[in-house]
Amino acid sequence: NTVDGLKEGDKISVTGWIRLVALEDDAKNEDGDYHIQITCSKEDDTCMIVEIPFEDFITDKVLSNKCAVARKTVRQELYNDNEPPRHNAKKLANPRKVTITGQLFFDAHHASHNNRGKDHMHSANCWEIHPVSDIVFR
């Protein structure tokens with residue numbers, strides 16, 4: 001799979017607006033990713049999904065540390081050092097502009113889903129940035 005000459009695994013950076021953050025879990029509560037929806041503008045509801053994995057699940061120490069820092073930054077900037085909501089995440093009242101860097105990932109597991117976004121937002125495809133290795137609030 002490729003998109004605009006990029007392929008899965010390439011490192012990319014995007015700038016956009018964080019519109020929603022959710023602490024993900026699976027049926028066994030073992031995921032722990034920060035599921036983040038970013039858009040091109042503060043008002044747009046078409047989003048790109050980016051995810052910051054739970055650092056304890058990453059064996060590469062350098063990447064684990066980068067993810068820990070990125071997650072801490074999200075908590076500090078948006079949630080007064082608390083975790084984002086686990087269930088019923090809603091769009092942020094005050095979207096924040098960010099630059100996110102990480103690995104391009106085609107999430108084929110979601111290929112059959114028409115609407116991957118939360119809170120009535122729509123992700124138009126299965127491309128994600130996952131794992132996010134850096135996030136800078138603007």
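Which residues does Ile52 touch, not counting residues up to four places away in sequence? In this predicted model, the list runs to Gly32, Asp33, Tyr34, Ile36, Cys67, Ala70, Arg71, Val74 and Val132, with contact taken as heavy atoms within 4.5 Å.

A word on the ground rules. Residues are numbered from 1 along each chain as its sequence is written, and side-chain values use heavy atoms, with hydrogens and water left out. Because the model is predicted, local features need pLDDT of at least 70 and side-chain atom pairs count only at pLDDT 80 or more, while totals for chains, interfaces and linings use all residues.

As for confidence, mean pLDDT (the predictor's confidence in each residue, from 0 to 100) comes out at 89 for the protein, and 89% of its residues reach 70 or more. Helix α1 (residues 61-78) scores highest, at 98, and strand β1 (residues 2-3) lowest, at a mean of 65. Helices (H or I, at least four residues) and strands (E, at least two) are DSSP runs, numbered from the N terminus.

On to the fold: β3-β4-β5-β7-β6 form a closed barrel of 5 strands with mixed pairing, where strands pair if DSSP finds at least two bridges between them. β3 and β6 run antiparallel and are joined by 8 bridges; Ser13 has Thr101 of β6 as its bridge partner.

Back to Ile52: along with Ile18, Ile36, Val50, Val74, Ile100 and Ile135, Ile52 has the most contacts inside the largest nonpolar core, a set of 23 residues. Such a core joins buried (under 20% relative accessible area, 1.4 Å probe, protein chains only) Ala, Val, Leu, Ile, Met, Phe, Trp, Tyr and Cys residues through side-chain atoms within 4.5 Å. Its largest share, 5 residues, comes from β7.

Conventions:
Buried means under 20% relative accessible area, exposed over 50%, partly exposed in between (1.4 Å probe, protein chains only).
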